[in-house]
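Work through the exercises below with the coordinates open. Each task is followed by a stepwise solution.

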Amino acid sequence: MQKNLVIVESPAKAKTIEKYLGADFTVKSSFGHVRDLTKGNNAIDVKNNFKPTYIVTDDKKKVIDELKSLVKNVETVWLATDDDREGEAISWHLKEALGLKDNTKRIVFREITKTAIVKAIQNPRTIDVDLVNAQQARRILDRLVGFELSPILWKKIQSGLSAGRVQSVAVRLVVEREREVEKFNPVPTFRVSALFDLENGKQLEAVLARKIELEKDALDFLEKCKSAIFTIKNLEKKPRKKSPSPPFTTSTLQQQASLKLRFSVAQTMTLAQKLYEAGHISYMRTDSVNLSEEAINSAVAEITKSFGQNYVEVRKYKTHSDSAQEAHEAIRPTNFAVRQAGNDDNEKRLYELIWQRAIASQMADALIEKTTATIDISSQTEDLIATGEVIRFEGFLKVYIDVSADESEEDENKGMLPPLNIGQVLNLNQMNAVERFSRPLPRYAEASLVKKLEELGIGRPSTYAPIISTIQQRGYVIKDQREGKERKYKKLTLQNNLIGSKILTEIVGAEKAKLFPTDVAMVVNDFLVKYFETIMDYQFTAKVETQFDQIANGKTQWQKMLSTFYADFHDKVEATQTQVERSEVKSSRVLGIDPKSGKEVIARLGRYGALVQIGITDENSPEKPKFASLQKGQFLETISLSEALELFKLPREIALYENEPMVAAIGRFGAYVRHKGIFYSLGKEHDPISVSETEAVQIIEAKRNLDANKLIKDFTENPDVKILNGRWGAYIAVGTLNVKIPKELRENPAEISLEKCLELAAAMPEGKKKQAEAKTKKQAASKPKAKTTTKKASKPKAEKAESKAKPKATKKK
């Protein structure tokens, strides 16, 4: 009989732990959660003290059966899931599913090293029921909110919509920020700067401290500087210190990985999970900035060895947040002597970031000398200011520099000033007054939204990534980019006692990887804010999180907390169901009258997304309404009549080519030309409304030539089989199935026979074949639609979507 069975939630974690335990231990994985609330409305018995009904999920039945057979043949079972509420809940569900005793040994550790594992084995405990209840309360509350709110959205707005307690609040943040940006009115001011020529070809740049509001005042300022004498009035040197940031918490890691490495929140957590399970870093879900004495000593030893004793400054950080959950340790390397770790480039980059931040936290301050030169203007009462900085001692900057999402041009560090003396007369090269505009708060990126949620006390380290992923998966928020728009600005220049004026152009408003709300998000958000104000309140949501913390600490009984919340919430749901009519929900607006037809133009939310329509459905009228989908960046609440009318110009038949029409339109992935059922992207260079016949033909032929170059070999006896050259090298295409070419055949793919191609395809895993079959069926099902669209080029997809409901109306009549 085997002595010990250790159960963890991850195969990678199991593999690492098994290396540190002897032959007496078998380590197995549960592959995450094994039980969940049953589907449907019977999962929670509200009348019976919120009693939940859990079942083993279908994908885990085989896992549980295997673990049960192992449990029967071991002396001791050790539950070793992660050291947080989620991990505690997994251990509890394993205990229940496997029929283990209440005193089953539970071990926890914050890093997967031999020392940590052995110490955990020596200090087992039982399952912490308070932590389990905190997670259980969150799960039950979120299920209740989702199951009761979502049907209201189906009835009052649109079928298929969903709402979540925390996700809906996160969406509200994105919606409100978008509206702030859209309504923002830039205020112009003039920024005055001067460039002085010094000896030996050096130059000095200085600025006026204040901004000038009006152009005439800026001109007046420059006018007064004609023939003025510029003198160094004062030189002031001030030493200052710059201290390192504490080591990473979950949210700060997500923020810096986004800013420095361009990783999404989900990508950061996936990579961090792999590094943790491989034993390279401590546990990655934490809101603590604390480091253990052992970790500090390890960091100090590495700093002393690599940089010298004068770079060491031991620091102990404290978590400021009152809601700190599992405040054990910050994210850090398990071995500071290891500077590189990870299986791929991204893992290595993230590990390096974690190592740098953690090691820097125990390094000395950077010593910086800031020099400020005050320049007197003989004809003015105001002075110009020139600043510069020089680093006297690098300290922690030798290893790590923080990046802020809020940094502006004015905040950037200046270089060192050239040698200057008080009383020195300066030679003015030129003085500029450049028009600058105030800017709105930036749209949220994933990491900055996490930062805001943390500031508001909404969510916890284990929930940030799921929140961000969920609001995107449900179609409420999209991560996208927007092209900037041209804006003209004025530049006034004083040079050689002459004042000149130029009108220049800049690109503003460009966005990359930012979060944008969809029209559905805006409609749903407004509905929930109006009728469920408490649920959507930031402070209330944060208060609920605090109540979960109290449950975890054993200070609050979880059923009592749920009962208090549910009573008011359920009453509000019942009232909204009966008292609020669908017509009260503002999901449409009249834009004006179409000058051609004299009919109303309406922007509204349809079954398949936002659209505009000309006319309304009238059973007594032979004319049907026209529909057009909104384009990227357009919203129901801001689209104008002229913008709406432009949408009806697409799809547009350009001309015939090879006896088939070329149709320009805009689809999910941008503008395109469709010809013979094939789509050709127009890219950013061409406008679908104005693209010419010649340009369309060139685009089609260019794509055909590109595709022809990909062909390595085809077979006349079986046209479905081809050998193609792809992004990662040669491969075999058999219908919709892409087949990898074995290593021994890659050097001469053109010599592979048809029989060999079919043999390799037959050997493909069944899962891959089923995916290809599903793709083929989907394409076959869509062919008739594509054919109809080609014949009727003027019919937008929004009209097709909306017209599906019309046969029913005809039957009723």
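**Exercise 1.** How many cavities of 30 Å³ or more does the structure hold? List the lining of the second largest cavity.

*Solution.* This is a predicted model in which local features need pLDDT of at least 70 and side-chain atom pairs pLDDT 80 or more, while totals for chains, interfaces and linings use all residues. Residues are numbered from 1 along each chain as its sequence is written, and side-chain values use heavy atoms, without hydrogens and water.

Step 1. A cavity is a set of points on a 1 Å grid over the protein atoms alone where a 1.4 Å probe fits but cannot get out; lining residues have an atom within 4 Å of a point. Points are joined across faces, edges and corners, and a volume is the space filled by probe spheres set on them. The structure holds three cavities of 30 Å³ or more.

Step 2. Ser162, Ser168, Val171, Arg172, Tyr476, Ala521, Val524, Asn525, Leu528 and Met536 line it.

Step 3. Helix 14 (519–531) gives the most to this lining, four residues; helix 6 supplies at least two. Helices here are DSSP runs of H or I with at least four residues, numbered from the N terminus.

Step 4. The lining of this cavity divides into six nonpolar, three polar and one charged residues. Ala, Val, Leu, Ile, Met, Phe, Trp, Tyr, Cys and Pro count as nonpolar, Asp, Glu, Lys and Arg as charged, and the others, Gly among them, as polar.

**Exercise 2.** Describe how helix 6 and helix 12 cross.

*Solution.* Step 1. The axes, lines fitted to C-alpha atoms over the stretch in contact, have angles from 0 to 180 degrees between N-to-C directions. For helix 6 (residues 167–183) and helix 12 (residues 446–456), the axes come within 11 Å and cross at roughly 115°.

Step 1. Contact (heavy atoms within 4.5 Å) is made by Ala170, Leu173 and Val174 of helix 6 with Leu449, Lys452, Leu453 and Leu456 of helix 12.

Step 2. By class, the contact residues are six nonpolar, no polar and one charged.

**Exercise 3.** Which type of interaction joins the side chains of Arg177 and Glu180?

*Solution.* Step 1. A salt bridge needs a side-chain nitrogen of Lys or Arg within 4 Å of a carboxyl oxygen of Asp or Glu. Arg177 and Glu180 form a salt bridge, at 3.5 Å from N to O.

Step 1. Because they are three residues apart in helix 6, Arg177 and Glu180 are separated by about one helical turn.

Step 2. In total, the structure holds 49 salt bridges.

Notes: 1 Å grid on protein atoms, 1.4 Å probe; cavity = no way out; pocket = protein on both sides within 12 Å on 5 of 7 lines; lining within 4 Å.
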